[in-house]
Structure formats: structure tokens, C-alpha cells
Amino acid sequence: MGEKTILSSRRAVGSRYEDTAACYLKEKGYRILARNYRNRCGEIDIIAKDETGVLVVIEVKYRSDDEYGDPLCAVDLRKQRRISRTTLWYYMEKKLPEETPCRFDVIAIHRDGRIQHIENAFDFHS
């Protein structure tokens, strides 16, 4: 299998679990604003507004087995910084006021299909 095939396969798997996370969020009353938002700083899996109007930046993680650890541990400080910088660009692009409330969540989807939603999983990091 070539490198492009492996990357394509990983994207397809990631997309499937992001679909699962988006459906889960909609059922909880969230309004999805963007999926796979990209800019020069990075990518955000899902951007949504919760039922109170707070902007929620969501990282979706899946693990097919526990060999590489809990999916929540995959959102390390480096990843948090990248997500934070990407969020700043989103604010500028959408001309959102600085005081617009925002939080960073992680949705972990486990091999058994269990969904774990961690609200306020991390703080903004510059």
C-alpha cells in the first residue's frame, strides 16, 4: 500500500468519526458552524455553538486500540497551541469580537463506540 493510500484511508476513518461526533453534538443542541476548518496555522475538526451561544472548538480523537493510549492524551500541549492559533485566525476571518466566549472541547471515540465529551478540556495557549 502506498503512502497516499494510507493517508487517504486515515482521512476516511477520521471523517467517519468526525461525522459521529457532529451527529452527537447536534443531538445535544449544538449548531455546527464549520468542519475541517483550515488556515495557515492548522486545522480544527469541528467549530460549533452550544445551546448558550458559546463558540466551541472541538478536537475529535479516535483510537482503534489502546496500544497508543487513551485518545484524550493525544491532545498534547503542542496540539493545543496549534488549535489555539488556528482559532485566533478563525476569529479574525469571521470578524468575531475578541470578547466572544469560546471553549475548547475534546470528543474521544473509543473502539467500543463509546463517546466521551470533555468540555473545557484545555485553555487557550499562545
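# A pocket and a sheet

Q: What makes the space of about 190 Å³ the volume of a pocket?
A: About 190 Å³ of space lies in the second largest pocket of this predicted model. A pocket, on a 1 Å grid over the protein atoms alone, is an open set of points with protein on both sides within 12 Å along at least five of seven lines, while a cavity is a set where a 1.4 Å probe fits but cannot get out. The points are joined across faces, edges and corners, and the volume is the space filled by probe spheres set on them.

Residues are numbered from 1 along each chain as its sequence is written. Because the model is predicted, local features need pLDDT of at least 70 and side-chain atom pairs pLDDT 80 or more, while totals for chains, interfaces and linings use all residues, and side-chain values use heavy atoms, without hydrogens and water.

Q: Why are eight residues of the lining of the second largest pocket called nonpolar?
A: Lining residues have an atom within 4 Å of a point, and those of this pocket include Leu88, Met92 and Phe104. Ala, Val, Leu, Ile, Met, Phe, Trp, Tyr, Cys and Pro count as nonpolar, Asp, Glu, Lys and Arg as charged, and the others, Gly among them, as polar; the lining therefore divides into eight nonpolar, one polar and one charged. α2 gives the most, with four residues; helices (H or I, at least four residues) and strands (E, at least two) are DSSP runs, numbered from the N terminus.

Q: How do you know that β4 and β5 pair?
A: Two strands pair if DSSP finds at least two bridges between them, and five bridges join β4 to β5 (residues 115-122), so these antiparallel strands meet the definition. Alanine 108 stands opposite glutamine 116 in β5.

Q: Why do β1 and β5 stand at the edges?
A: The open sheet of five strands has the order β1-β2-β3-β4-β5, with mixed pairing. β1 (31-39) and β5 each have a single partner strand, so one side of each is left without a neighbour in the sheet. The twist averages 30° from one strand to the next, where axes are lines fitted to C-alpha atoms (for helices, over the stretch in contact) and angles run from 0 to 180 degrees between N-to-C directions.

Q: What makes α2 a helix that packs on the sheet?
A: Contact means heavy atoms within 4.5 Å, and α2 touches β1, β2, β3 (55-62), β4 and β5. The direction of α2 makes about 110° with that of β1.
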